[in-house]
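User: Please take a close look at one part of this model. I would like one connected account, with cut-offs given where a term needs them.

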Amino acid sequence: MTPAARKSGSQARSQSLGEEIATFVGADSFGTDQAKAVWQKLKPAMPEILDGFYASIAKHPTLAPKLGVKGEYVPRLKDAQTDHWDYIFNHEPDLEFEARAVKIGEAHVRINLEPKWYLASYGRLLVEAIPALASRHRLQPTKLAEALQVLVSRTFLDMIVSYDAYENG
């Protein structure tokens, strides 16, 4: 179900799913300017984060085939991931944010990625991203705490909204 169709249902919400979830997880407590600042710290680490992420997928017998023959899809997937995370940290959680997240979820449904692996992938990315942010906020515990809150809230927001494709796809 598209975000617009969901909103036009008999129980239409005053907020989009993305806005509703953002409020609940606290992503709306941090403005887009704060999220952009976190992205500027995280973006330089993305190649290393994604190298680790896709290396872990390549080693898993159930997941490796999703990367194509000998990992042929990995370069394109890394570019798509970087673009996606760039969007997550640089835009408000509005209907466009939601539509893009659902599109990502739908792509994973199409390749028959089981929901457990889809959700676990978010965890894996967080495991890779947290040390990257921590290294950029040494001796700044307050800034690190805020950066981690932004990271976790934006990640969970994307995960929950994109998971909608599994439930409604």
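What volume does the largest pocket have?

Analyst: This is a predicted model, in which local features need pLDDT of at least 70 and side-chain atom pairs count only at pLDDT 80 or more, while totals for chains, interfaces and linings use all residues. Residues are numbered from 1 along each chain, and side-chain values use heavy atoms, without hydrogens or water.

The volume of the largest pocket is about 850 Å³ (an open set of points on a 1 Å grid where a 1.4 Å probe fits, with protein on both sides within 12 Å along at least five of seven lines; lining residues have an atom within 4 Å of a point). Its lining has 28 residues, of which Leu 77, Gln 81, Ile 104, Ala 107 and His 108 are the closest to the centre. Two or more lining residues come from each of helix H4 (46–58), H5, helix H6 (95–110) and helix H7 (115–135) (helices are DSSP runs of H or I, at least four residues). H5 gives the most, with 7 residues. By class, 17 lining residues are nonpolar, 4 polar and 7 charged.

H5 (residues 74–90) also meets helix H8 (residues 141–168): their axes come within 10 Å and cross at roughly 110°. H5 is therefore roughly perpendicular to H8 (65 to 115 degrees). From H5, the contact (heavy atoms within 4.5 Å) takes His 84, Trp 85, Ile 88 and Phe 89; from H8, it takes Val 150, Leu 151, Arg 154, Thr 155 and Asp 158. This contact has 5 nonpolar, 2 polar and 2 charged residues.

How values were computed:
Axes fitted to C-alpha atoms, helices over the stretch in contact; angles between N-to-C directions. Parallel < 35°, antiparallel > 145°, perpendicular 65-115°, else oblique. Nonpolar A, V, L, I, M, F, W, Y, C, P; charged D, E, K, R; others polar. Points joined across faces, edges and corners; volume = space filled by probe spheres on them.
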